[in-house]
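Thanks for taking a look at this one with me.

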Amino acid sequence: MTDRDPGNPPEAAAVGAVLAGGGARGAYEAGMLATLLPKLAEFRQRPDVFVGTSAGALNAVLFASLAHLPAQQAADEALRAWRGLTKDQVFAAFLPAVPALLWQYLTTLVDPSGPPVSGLLDTRPLRETLRAKLDWHRLHANMRSGAVQAVAVATTACRSGRTEIFVEGPRAAALPESDADRAVDYTGTVLTEEHVLASAAIPVAFPPVYIEEADGWYMDGGVRLNAPIKPAISLGVRRVVIVATTPLRYLPRAHGRGAPPPAVADVVAQVLNGVLADRMIEDTRTLGKVDELLRSGGRGRSPGGRPYEVVEYLFGGPPPGQGDRLGERAAYVLDTYYRGTRRLADLDLALLSLLLGPGHSRGELLSYLLFQPEFIDEAIALGQRDAQLVLDGVGDDPDALWRSDAC
């Protein structure tokens with residue numbers, strides 16, 4: 001029996017969870033949602049629509065596959081799955097593959113018709129991990145039973161650059177039309193590990209994934225839509241839990257008079273932060289502004305002609321001004337647990353640490369690829385603490401969880 005049965009109010013079916021991307025930072029999201037889930041279930045507002053990108057796609061499938069369980073048990077199982085994840089289950093060792101990669105690259109210079117180098121890391125271990133450790137049978141059964149109304153994963157089509165949302169579940173029977181303004185398309189499917197692998201295919205680092213049913217190559221959905229809020233709303237949710245690893249606020253203006261020029265790692269970190277956070281912040285602000293308009297008596301229609309409706313949200317992520325804590329924890333783990341000979345025992349980690357150098361953004365970039373158990377534990381704990389901050393003061397008022405104001 002799920003937390004919805006029996007006697008759940010009709011509006012419970014309109015709650016969705018949007019899970020952003022972030023590589024190893026997905027452990028933070030798991031800690032966040034695992035802490036929020038029992039309270040949402042207590043209020044009979046447990047999500048039954050899950051939409052995710054990259055690591056968020058993995059979390060979407062994971063939590064949806066556990067939706068038949070009581071909320072606390074599902075939360076415990078999700079965290080157990082993350083704590084059992086290691087780097088070797090995500091990608092193969094990089095350094096031993098370097099000679100073959102160089103040979104392949106040089107070969108394509110001589111013969112452009114040969115297969116190009118499409119990614120630096122071998123993600124076959126992740127494919128096997130997704131196949132073996134996610135309960136796909138239970139996932140599909142939960143959608144057939146109605147415990148889950150939809151699971152959707154966001155990818156980016158390599159050929160067109162458009163966002164492709166692959167959707168399974170009862171709500172896939174009437175998919176939204178393509179969003180011309182946002183270049184978002186929808187495809188109904190039976191989800192497999194290939195869809196999640198494609199959603200998590202970080203450009204350059206991970207190779208794109210060919211999805212046969214769509215006859216195309218796909219990569220990380222975070223390239224264009226890291227926090228797929230609009231697709232969740234298009235699938236019919238009227239309350240949305242947004243789970244991300246970046247704050248819902250821009251950083252304040254800062255002056256750097258006399259500061260040295262930023263290192264390459266610092267520039268990459270800023271670009272990455274913009275890709276992951278900017279659209280989420282703007283989409284949430286737009287959501288709040290539309291809700292304010294409707295609550296003040298205004299009316300409006302989407303570009304597709306659908307009347308606007310009030311959509312409330314709950315944001316689960318770092319508090320304003322604390323978006324660098326995951327990076328700090330990653331640097332702490334590296335410098336505390338992987339010093340000296342232990343770091344040298346993992347040549348990939350030693351190389352990554354050397355390349356990133358001692359700059360300000362070293363930990364920030366490390367946190368996306370640091371699948372070491374110590375960092376996973378730190379990230380989960382941080383997600384749990386931030387979730388508790390959200391829950392503090394809510395008490396027995398379910399409406400206190402939700403916001404509809406402009407950010």
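**Notes on charge pairs and a surface patch**

1. Start with R80, which makes a salt bridge to E77, where the closest N and O atoms are 2.8 Å apart. Keep in mind as you look that this is a predicted model. Both R80 and E77 sit in helix α3 (residues 71–83), three residues apart, or about one turn of the helix. E77 has a relative accessible area of 31%, so it counts as partly exposed.

2. E42 is classed as partly exposed because its relative accessibility is 48%.

3. Now for D399 and R239: their salt bridge has its closest N and O atoms 3.0 Å apart. This pair links distant parts of the chain, 160 residues apart, with D399 in the segment after α14 (373–391) and R239 in strand β8 (residues 239–243). D399 is partly exposed, at 47% relative accessibility, whereas R239 is buried, at 15%.

4. How many salt bridges does the structure hold? There are 19. Salt bridges also link K87, D88, D346 and D348 in a network.

5. Finally, please look at the nonpolar patch on the surface, formed by Y105, L106, L109, V110, V117, L120 and V204. Together they have about 690 Å² of accessible area. L109 belongs to helix α4 (residues 98–110), and its relative accessibility is 55%, so L109 counts as exposed.

Technical notes. Residues numbered from 1 in each chain as written. Predicted model: local features only at pLDDT ≥ 70, side-chain atom pairs only at ≥ 80, totals over all residues. Heavy atoms only, no water. Patch = residues over 30% accessible without salt bridge, like charges linked within 9 Å, V, L, I, M, F, W, Y side chains within 5 Å. Areas by Shrake-Rupley, 256 points an atom, 1.4 Å probe, with all protein chains shown as cover. Salt bridge = Lys/Arg side-chain N within 4 Å of Asp/Glu carboxyl O. Helix = DSSP H or I, 4+ residues; strand = E, 2+ residues; numbered from the N terminus. Buried < 20%, exposed > 50% of the residue type's maximum accessible area, 1.4 Å probe, protein only.
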